[in-house]
Amino acid sequence: MTGALLHVQGLKVEFKVYEGVLKVLNGVQMVVHEGERMGLVGEAGCGKTTTMKCVLRILPSPPGKITAGQILFHGRDVLKMTFHQVQRVRGRGIAMIFQDPTAALNPVFTIGDQLMSVIKYGSRDSLGAREVRSRAVAVLHEVQLPDPERILTNYPIQLSGGMRQRVCIAMALSTEPELLIADEPTTSLDVTIQDQILRLLNALVERRSTSVIFITHSLGVVREMADRVYVMYAGSIIESAAKEELFSNPLHPYTQGLMRAVPKLTGGGIAEGIPGRIPDYLNPPAGCRFQPRCPHAWARCVNEVPTLHEVGQGHEVACFRFQEQ
Amino acid sequence: MGILKLVGKRLVLSVFVLFGLSILIFLISRVLPGDPVRMALGPRAPEWAVQNMREQMHLDKPLYAQYYYWLSGALRGDLGQSLFTRRAVVDDIKEFLPATMELVLFAGVIMAVFGILLGAVAGRYSNTWVDNSVRIFSYVGVVTPSFVFAILFLLLFGYVLRWFPTAGRLSPGITRPQVITGMVTLDALVTGNFAALGDALWHMVLPAVSLALGGMAQEARITRSTISDNLRKDYIAAAKGFGIPERFVTLKYLLKPSLIPTVSILGLDFASLLGNAFLVELIFNWPGFSRYGINAMLRKDLNAVSAVVMVLGVVFVIVNILVDLVVAGLDPRIRLGAERGK
Ligand SMILES: Nc1ncnc2c1ncn2[C@@H]1O[C@H](COP(=O)(O)OP(=O)(O)OP(=O)(O)O)[C@@H](O)[C@H]1O
Ligand code: SF4
Ligand SMILES: [Mg+2]
């Protein structure tokens, strides 16, 4: 896999909690090529955010711990880098928009202070105070916030949820990253604003031809935003394919369930179409983690863990039904 | 603008608090058994002398009239006469209060600085041996009364090891600096008398540290848990994720929000310093206000008791307003809330 911008291999993560050890990520595999817009879907708690925090090496530890895997950015393992090297990947290399803008902004500093720190430290070029400021104003303007000068002096509580997410988008774009991670950027917002934010994000990304990982619950959104889709279930990628291929020919039983569950009009939750729940990470099933919910499961699925196998042109699936012994 | 309004509100509230406190202490001191004048003059004083003094102090009038006399005096800065020292209570306060304030302020600084430092390190390196050591220290500090520390330190560092002096504010050979504030260290600093400054600080170490340990443990515990909670917040992950250097994130974006709960309880901890000073002053023979207060209560020295309580009340109110100001300075949510409310 040469030429990949980001290549995640066999990523395993555990969380130590009071009740024991949550074995959450179970060997995540994922490749993003330059200029690609990748969609990552999966129900709540399947490990999407955790994976992305590992990519930036910002997973809080404790309680989180990476126990195996590689995260290659431009072929170099982020997990083995020195502090100094990681810092130069963050911001200018990879930037992330968080799920909940209210939690992602520091409540006791002004927007200006935070945004200007990001520009000062995250950008490729070293800028003087005046350039940092003018870039901050420009990028707030770009995300269509009215009166950027005033917003710089505001604290997060003085802004609405939609405005806060625009600020976070501005932060993530201000460093001109090669790869942008957008982690469900609209789930915490009013339905009326969700669409505006998505369109804005799409336009900004298109203008810059940035590579994107777009995380969402909604297959409808994936259809709009992505070229390639990864489906995640209980800590691993279980299927990936080009968008058209995945929608016309879903193979994994979980993906098929998702397709059936797509609500006709709104594109809300995705778990309804599949009976059962995501497994308990304290004692996950030993074999295929989807096995307790799978209509096609057989003996092999209980004992062995299926890995991703290419079954067609760029179409990979982790299921024993598509794998000869 | 928000800050001014906040202070204004607190000040108005404080006036009511102090007014209520004055009524309360006035009543309590007068309901206690025993005739204060008889106690002051002794059992062999003639009845007419006792009667004279009662009238002079308006003790023959009904309670509300007595309170009126007391309050109108207090508002003019006259807190009456002590029954024992036979001096104006205000003069007594001027003599004894600075020694206590000096001790308590020094203890307060030690408490805040080391409490926050220990807590921050423990929170940043949670679940390591550093954290565990701080945790043990916190448990010991929180459950041990300060007079126990005072006695232990006095014996160990004062008598056995002889590292520190065991009593008083200055060594015999040292001349006391000219009285300006009454706080020896400050006066010594202002007059450039560095021998006295060093000696005075040296005398303060044991009593101040015994006083500070309890609050320090409390501050350390709170700081530790806020820091380790906030370390998991998305805004910290986000700041790091955008390429801001980790040390800068810790010292700026983590520390400021994490100090808010700690500072909020500093006011309470400071009040407990004042309370604990009563016994610690006794143990280190510190010529302070607390000792004066104890004696006043034992002798039922009415005006002195009221004055001591009122002065402590005023100090407490001032400290709490300062704490509120610092918290408002740290937390825009409070400043802006005050602005938006009426
Ligand atoms: N700080 C943490 N402490 C303990 N467990 C955690 C922590 N963060 C995540 N987890 C565990 O990891 C699992 C995956 O969490 P993650 O946030 O990555 O899910 P997600 O796919 O982003 O879900 P969502 O769609 O709700 O955002 C959760 O179910 C939770 O059990
Ligand atoms: S591996 Fe077995 S249990 Fe897992 S999805 Fe395929 S058929 Fe179902
Ligand atoms: Mg998430």
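The views show a predicted model, in which local features need pLDDT of at least 70, side-chain atom pairs count only at pLDDT 80 or more, and totals for chains, interfaces and linings use all residues. Residues are numbered from 1 along each chain as its sequence is written, chains are lettered from A and ligands numbered from 1 in the order in which they are written, and side-chain values use heavy atoms, with hydrogens and water left out.

**Figure 1. An open antiparallel sheet of chain A.** Four strands of chain A make up this open sheet, in the order β2-β1-β4-β5. Its edge strands are β2 (20-33) and β5 (76-77), each of which pairs on one side only. Strands (E, at least two residues) and helices (H or I, at least four) are DSSP runs numbered from the N terminus, and two strands pair if DSSP finds at least two bridges between them. Strand β1 (residues 4-17) is joined to β2(A) by 11 bridges, with Ala4(A) opposite His33(A). Eight bridges join β1(A) to β4(A); here Leu6(A) has Phe73(A) as its bridge partner. Between β4(A) and β5(A), which run antiparallel, there are two bridges. The hairpin of β4(A) and β5(A) has two residues between the strands, and His74(A) takes a positive phi near 55 degrees in it.

**Figure 2. Helix α1 across the sheet of chain A.** Helix α1 (residues 48-55) lies across β1, β2 and β4 (64-73) of chain A. The helix runs at about 115 degrees to β1(A), where axes are lines fitted to C-alpha atoms, for helices over the stretch in contact (heavy atoms within 4.5 Å), and angles run from 0 to 180 degrees between N-to-C directions. The loop between α1 and β4 of chain A holds Pro62(A) and also Pro63(A). The peptide bond from Ser61(A) to Pro62(A) is cis, with omega near 0 degrees. A cis peptide bond also joins Pro62(A) and Pro63(A), with omega about 5 degrees.

Figure 3. Thr49(A) belongs to helix α1 and Gln99(A) to the loop between β6 (94-97) and α3 (101-104) of chain A, so the pair ties together parts that are 50 residues apart in sequence. Gln99(A) is partly exposed at 29% relative accessibility; buried means under 20% relative accessible area, exposed over 50%, and partly exposed in between (1.4 Å probe, protein chains only). Ligand 1 is surrounded by 16 residues, each with a heavy atom within 4 Å of it. The closest are Gly45(A), Thr49(A), Thr50(A), Gln99(A) and Glu184(A). Oxygen atoms of ligand 1 lie 3.0 Å from a polar backbone atom of Gly47(A), 2.6 Å from a polar side-chain atom of Thr49(A), and 2.5 Å from an N or O atom in the side chain of Gln99(A).

Figure 4. Chain B has 14 helices and zero strands, and buried residues make up 48% of its 342 residues. Asp92(B) is in helix α5 (residues 89-124) and is buried, with a relative accessible area of 0%. Its side chain makes a polar contact of 2.5 Å with that of Arg87(B); within protein, such a contact is a pair of N or O atoms within 3.5 Å, one able to donate a hydrogen and the other to accept it, and residues adjacent in sequence count only if both atoms are side-chain atoms. Leu274(B), in helix α11 (residues 246-283), is buried at 6% relative accessibility. Leu274(B) and Leu103(B) are 171 residues apart in sequence and 9.5 Å apart in space, C-alpha to C-alpha.

**Figure 5. Positive phi angles in two loops of chain A.** Glu176(A), not a glycine, has a positive phi of about 50 degrees. This residue lies in the loop between α7 (161-174) and β7 (179-183) and is partly exposed at 41%. Ala234(A), also not a glycine, has a positive phi of about 45 degrees. The loop between β9 (228-233) and β10 (236-242) contains Ala234(A), which is buried at 0% relative accessibility.
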